[in-house]
Amino acid sequence: MTTSGSPWGLLTARGKVFAVLGVLLVVAGTFLGYEDVTRVGLALLLLPVLVLLLMPRRPPRLTVSREVTPQRLTPEERGEVEVRFRNVGARSAVYLAEEHLDYQLGDRPRYILPRMSTGEERRLRYTVRSRHRGAYALGPIVLRQRDPFGLTFRTLHLSSRTELLVLPRVVSLGDDRLRGSSRGSEGEMPQMIALHGEDDVSIRSYRDGDELRRVHWPATAHRGELMVRQEDRPARRRAVLLLDSRADAHPGTGMRASYEWAVSAIASIARHLVADGFVVHLLADETLRDGSAEHQVELGPLMDTLARVQPEEDARLDRVAAAASSFTSGGVLLIAAVVAHDDAALRSLASVRQPGSRAIAFVLDPARFGADQGGSSPTDRPTGVLADAGWRTVTVGPHTELAQAWVSLRQVALGRSA
């Protein structure tokens, strides 16, 4: 907890006028011999002094906690925040409390915090709502105290903060399941793992403790070493979602920004694929830094990450593409949301696709997003750099419907062989 400083700084403009005018009247009355003027000056001077002396010297000892319902919001959804104040010190005074919020969450709530005895708790509630995804801070809380005469003004800061996440907009992509097949390798032997799933039975080298009844004799004879069956391997399909986070590539602002379209697309596709049984990896500059790109990500943490991501000045598409290449050698479904900003970066992404993997891309047209023009359609001519490398692409603008673009891409991707 922090508080405002010197006694002079605690006086309001009215209090400072009283003090200065009181000093002038005392001096003038003393030198001119007017006792009544001196008395008036003393009264004006002593009033703010007395108020300062009667003001509590020690700041209150309050703890603050918050509970947000629901814990994760979606754009335009209202959430209720309950703030709990608990007095762990001596009896507190009456304060005007103001919660600091991001302007996108609405007006800053203000409320009267009454006197609280030691151990007493007060609960206050307010609502928040945001049109945009993001990670927003609730707090700190500022407590203000004024005396009845308006001569003093004290400010206290309760430094407690709570993070509120507003998840990206998610669009339903229908109930159709992805089908198809593609060959890759994973583990000891080639597996059919891209769009049809991993085999239920895989072969690996013998390890101490393995049961001899699991020995796979044909593979043992072929490899010249003991090989065993591993039958507990679940059938899963793997998808890699790639997000282009280059700040210099993404045009537009607000909800019409190309980056927001890309984040919403990745979030919608992730939910669709997870419901379809896919193992999902998210590749973006942020997940490369924290190391989560290498691991399967559950839908909840993935949505939390997408709520926080922002365009970055030092983001590089070739760096994300290089990370994707370690997955495509095993046969995966690669889906990218990328800006057609420069051909060199697109070539680095195009080269990632390998035989045995399917690669599809939403190519964001910077001219359309920058001009915020309508009429873009998922049937527009795809970007040649990616298409020439075997990618299935669709060009999108700020008014392109994601569900329509997805259906168009899916039909193209599944209607032709890889």
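Reader: What does contact mean here, and which residues of α3 does α2 meet?
Author: Contact means heavy atoms within 4.5 Å. The model is a predicted one. On the α2 side the residues include Phe18, Leu21, Leu25 and Val26. In α3 they meet Val37, Thr38, Val40, Gly41, Leu42, Leu44, Leu45, Leu47 and Pro48.

Reader: How many charged residues are in the contact of α2 with α3?
Author: Sorted by class, this contact has 13 nonpolar residues and six polar ones. Its number of charged residues is none: there are no charged residues.

Reader: Is α2 roughly parallel or antiparallel to α3?
Author: Helix α2 spans residues 13-32 and helix α3 residues 35-54, and their axes lie 7 Å apart at an angle of about 150°. Angles over 145 degrees count as roughly antiparallel. Therefore α2 is, relative to α3, roughly antiparallel.

Reader: Which element gives the largest share of the largest nonpolar core?
Author: That core has 41 residues, and Leu241, Leu243, Leu273, Leu306, Ile335 and Phe362 have the most contacts inside it. Elements supplying at least two residues each include β16 (237-243), α5 (258-275) and β18 (333-339). The largest share is 10 residues, and it comes from α5.

Reader: Which residues does Leu241 touch, leaving out those up to four places away in sequence?
Author: Leu241 is among the residues with the most contacts inside the largest nonpolar core. With residues up to four places away in sequence not counted, Leu241 touches Ile266, Ile269, Ala270, Leu273, Val280, His281, Leu282, Leu283 and Ile335.

Reader: How many residues are in the second, separate core?
Author: Leu62, Val68, Leu105 and Leu156 are included in this second core. It is separate, and its residues number 26.

Terms used: Residues are numbered from 1 along each chain as its sequence is written. This is a predicted model: local features need pLDDT of at least 70, side-chain atom pairs count only at pLDDT 80 or more; totals for chains, interfaces and linings use all residues. Side-chain values use heavy atoms; hydrogens and water are left out. Axes are lines fitted to C-alpha atoms, for helices over the stretch in contact, and angles run from 0 to 180 degrees between N-to-C directions. Helices (H or I, at least four residues) and strands (E, at least two) are DSSP runs, numbered from the N terminus. Angles under 35 degrees count as roughly parallel, over 145 as roughly antiparallel, 65 to 115 as roughly perpendicular and the rest as oblique. Ala, Val, Leu, Ile, Met, Phe, Trp, Tyr, Cys and Pro count as nonpolar, Asp, Glu, Lys and Arg as charged, and the others, Gly among them, as polar. A nonpolar core is a set of buried Ala, Val, Leu, Ile, Met, Phe, Trp, Tyr and Cys residues joined through side-chain atoms within 4.5 Å. Buried means under 20% relative accessible area, exposed over 50%, partly exposed in between (1.4 Å probe, protein chains only).
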